[in-house]
Amino acid sequence: MPSGPNASGSLIDRFGGVYLLPLAMMIVALPLVGSFSSWATLTVAGLAMGMMIFMMASGLSLVFGLMDVLNFGHSAFITFGAFIAASVLAALAAWVQADSLVLNFLALSAAIGAAALFGLVAGWFFERVIVKPVYRDHLRQILVTMGALIIAEQLILVIWGGAPLSVPRPALLSGSIILGDVAVEVYRIFAFFLGLIVFVALYLMLNRTRVGLLIRAGVENREMVEALGFRIDRIFIAVFMAGSTLAAMGGAMWAGYQGLISPTLGGELLVLVFIVVIIGGLGSIEGSLLGALMVGLMGNYVAFIFPKLALASNMLLMLIILLWRPWGLKPAVGG
Amino acid sequence: MANTELVSEPVADPARTGRMIVYGIVALIGLALLFAPFLFQDVRSSQVAARICVFIVLVASFDLLIGYTGIVSFAHTMFFGLGAYGTAIALKNMGAGWDAILVGGGAGVLAAAVLAALIGVLSLRVKAIFFAMVTLAAASVMLVLASQLSGITNGEDGLIYQVPELFKPAMKLMTDADGKVLKIFGVAMNGKIAAYYFVFFFSAFLFWLLMRIVRSPLGTVLEAIRENEMRAEAIGYRVVAYRTTVFVIAAIIAACAGILWAVWLRYTGPDTTLSFSIMIDILLMVVIGGMGTMLGAVIGVVLMSMAQFYLKDLMEIASSATSGIPVVPHLLEPDRWLLWLGLLFILLVYFFPAGIAGTLMKKGTH
């Protein structure tokens with residue numbers, strides 16, 4: 001549970017405010033879990049999971065913030081990304097199993113790259129064909145993107161069949177590092193750092209570049225930016241494509257993390273992604289990161305401490321946060 | 001709409017003929033359902049007819065949300081499931097009596113109402129767009145709960161139970177001189193007939209109730225909210241209160257439909273009540289029929305049910321006919337019918353957002 005650092009006001013705000021929440025969760029969880037080594041394992045797993053979910057959620061959040069478009073088909077990118085990565089890894093089985101770091105790395109890059117490329121192209125297609133005709137009409141957006149999701153899920157069944165697919169993990173990333181009495185899976189570290197790189201890149205792009213400035217201004221007030229002569233709709237396509245690319249990459253990472261993927265994976269993750277976006281606040285990547293880390297940590301801790309509660313835990317987290325801050329923790333506008 | 005009626009009174013009004021067509025179709029469907037046990041005597045058809053009855057109620061109550069109030073909820077199957085599971089658990093544990101249906105169904109309806117009020121107050125207050133996401137999350141949690149709490153719900157396998165004596169096939173409603181089951185037009189007057197008419201009349205009553213609600217002053221306020229939330233608020237209607245009320249009403253009616261479904265099927269499991277594919281069915285039915293028309297629900301349900309049963313047969317033929325070509329047969333497999341329906345759905349939302357009934361009745365698209 002997030003114990004509320006909201007109560008004691010400004011001192012906590014000065015040290016990071018709501019950003020301390022994941023830290024608070026870790027501290028609260030330590031005595032509840034009991035042993036330090038399991039706590040460390042759970043924390044690393046939670047952070048890695050959170051970073052992967054962040055990759056999937058950030059795009060959705062930005063797309064909504066910028067253009068008020070709610071894309072229920074977002075999970076299709078995740079599922080396709082996962083399955084494409086799995087197929088590429090399976091096709092490059094020789095490289096994956098090879099005892100050479102270079103070949104391992106090449107296979108992995110090819111898998112994630114293929115997923116990202118798919119996300120880029122599919123994102124463009126999706127935005128132009130599916131979403132564009134229904135800008136500014138939430139009801140029809142939800143319906144149309146839902147229809148697209150149905151089609152995408154059926155296409156996955158057509159291409160890969162309904163049976164779960166096992167994902168070969170490169171030798172480079174299997175196994176774990178032993179630090180003291182804590183075993184840390186290499187893949188989790190990799191996932192965490194990849195997510196961190198994505199976050200830093202997004203953060204710098206949004207805060208240090210001209211395009212980023214326009215995106216942030218567009219999230220704040222689209223009409224005003226358009227009135228100043230900027231084509232927000234063009235920026236929007238780019239943001240949409242970036243979002244779908246990140247989702248596909250997140251899906252690819254998730255495939256490697258799980259080891260066994262089924263076509264329902266996207267739908268299951270979509271729920272988590274929505275919870276993250278709602279907790280974090282729409283339109284901000286900081287909020288998405290915060291929400292994703294909390295959801296990841298919460299899921300892992302609760303699954304260990306109260307296994308019965310695991311499935312409802314993130315729902316509860318969302319409930320509490322919505323009661324406390326109806327707009328999410330760190331919304332881009334009005335936060 | 002009142003205006004167009006007045007203006008176009010003297011000339012032949014296409015909207016009026018359209019309306020007549022819709023009423024005609026609905027009346028025909030109603031009659032067919034009323035005499036379904038006599039018209040279609042095989043087991044599969046009676047199953048389809050009962051499913052149509054229950055789903056008309058379910059879809060119409062969803063239309064109250066999406067069509068009349070502009071609320072998109074993905075939790076409708078959750079309420080449906082609560083009613084069904086309440087009834088099923090009570091029938092399993094208390095024995096096959098009417099008291100079990102009353103207690104279990106009542107508990108299910110109550111749970112649905114409380115949950116709906118909670119979700120409504122919490123997220124309708126925040127931002128309309130959150131609502132779709134929150135309901136989706138809630139529904140998925142409920143689905144997982146139903147399959148995890150196997151002590152109560154028997155997990156994925158679901159519950160099989162007995163229903164009251166009156167609905168059992170062995171029950172003799174009417175007997176002839178020899179003490180055998182009386183047959184009217186070749187239909188045995190046994191418990192199956194009683195069960196069907198229980199479902200039919202209860203569904204008809206619930207549908208009538210929904211029609212009353214949308215024609216009442218409440219219905220008018222709801223349409224005002226859908227058309228322009230700010231103005232409705234400005235004239236003094238408390239939008240959040242109205243939205244929450246409607247959400248609770250729709251939840252209660254969906255739960256009632258769940259009770260009927262549980263009693264008819266004598267089985268309740270995640271696949272028959274809670275699964276996401278049922279939610280998609282409901283969504284497709286309401287959009288195909290026509291959002292915000294109520295009568296559209298009837299047309300949408302019948303069309304979709306027919307498609308589910310007969311489109312698959314058609315695709316089977318098409319699939320085997322194209323077996324020489326590489327990818328095509330896979331796309332035409334009967335299991336892939338949702339693919340084509342999804343495509344149809346998108347085209348419908350683009351080009352005929354008012355659906356069949358709405359287009360015929362020339363209801364303005366909002």
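Residues are numbered from 1 along each chain as its sequence is written, and chains are lettered from A and ligands numbered from 1 in the order in which they are written. In this predicted model local features need pLDDT of at least 70 and side-chain atom pairs count only at pLDDT 80 or more, while totals for chains, interfaces and linings use all residues.

Q: In chain A, where is confidence lowest and where is it highest?
A: Confidence is given as pLDDT, the predictor's score for each residue from 0 to 100. Chain A averages 84, and 94% of the residues score at least 70. Helices (H or I, at least four residues) and strands (E, at least two) are DSSP runs, numbered from the N terminus. The lowest mean, 64, is in helix 1 (residues 9–14) of chain A, and the highest, 91, is in helix 4 (residues 74–91) of chain A.

Q: For residues 1–8 of chain A, how many contacts beyond four places in sequence does the model have?
A: A contact means that the C-beta atoms of two residues, placed from the backbone, lie within 7 Å. Over residues 1–8 of chain A the pLDDT stays under 50. For this stretch, the number of contacts beyond four places in sequence is 11.

Q: Which radius of gyration does chain A have?
A: The radius is taken over C-alpha atoms, and the globule rule is 2.2 Å times the number of residues to the power 0.38. For 335 residues, a compact globule would have a value near 20 Å, and chain A agrees with this. Along its principal axes the C-alpha trace of chain A spans about 60 × 55 × 35 Å. The radius of gyration of chain A is 20 Å.

Q: How many of the residues of chain A, in percent, count as buried?
A: A residue is buried if 20 or more other C-beta atoms lie within 10 Å of its own, exposed if 12 or fewer, and partly exposed in between, with C-beta atoms placed from the backbone. Chain A holds 14 helices and 4 strands. Of its 335 residues, the buried share is 50%.

Q: Which residue of strand 3 of chain A is the bridge partner of A:Ile177?
A: Strands pair if DSSP finds at least two bridges between them. Strand 2 (residues 176–179) and strand 3 (residues 182–185) of chain A pair in the antiparallel sense over 4 bridges. A:Ser176 has A:Glu185 as its bridge partner. For A:Ile177, the partner is A:Val184.

Q: Which residue in the hairpin of strand 2 and strand 3 of chain A takes a positive phi?
A: This hairpin has 2 residues between the strands. The phi in question is near 65°, and the residue is A:Gly180.

Q: In chain B, which helix has the highest confidence?
A: The mean pLDDT of chain B is 82, and 89% of its residues reach 70 or more. Confidence is lowest in helix 1 (residues 2–7) of chain B, at a mean of 46. Over residues 1–10 of chain B the pLDDT is below 50, and this stretch has 2 contacts beyond near neighbours in sequence. The highest mean, 92, belongs to helix 12 (residues 239–265) of chain B.

Q: Is B:Phe205 buried or exposed?
A: B:Phe205 is placed in helix 9 (residues 191–215) of chain B. B:Phe205 and B:Val57 are 148 residues apart in sequence and 9.3 Å apart in space, C-alpha to C-alpha. Because B:Phe205 has 12 C-beta neighbours inside 10 Å, this residue counts as exposed.

Q: Which helix gives the largest share of the side of domain 1 of chain B that touches domain 2 of chain B?
A: The domain bounds, from an automatic or database assignment, are 1–34 + 294–366 for domain 1 and 36–274 for domain 2 of chain B. 13 residues of domain 1 are in contact with 18 residues of domain 2 of chain B. Helix 2 (14–34) and helix 15 (295–321) of chain B each give two or more residues to the domain 1 side. The largest share, 8 residues, comes from helix 15 of chain B.

Q: Which helix gives the largest share of the side of chain B that touches chain A?
A: 34 residues of chain B are in contact with 26 residues of chain A. The elements giving two or more residues to the chain B side include helix 6 (98–124) and helix 7 (128–148) of chain B. The largest share, 12 residues, comes from helix 7 of chain B.
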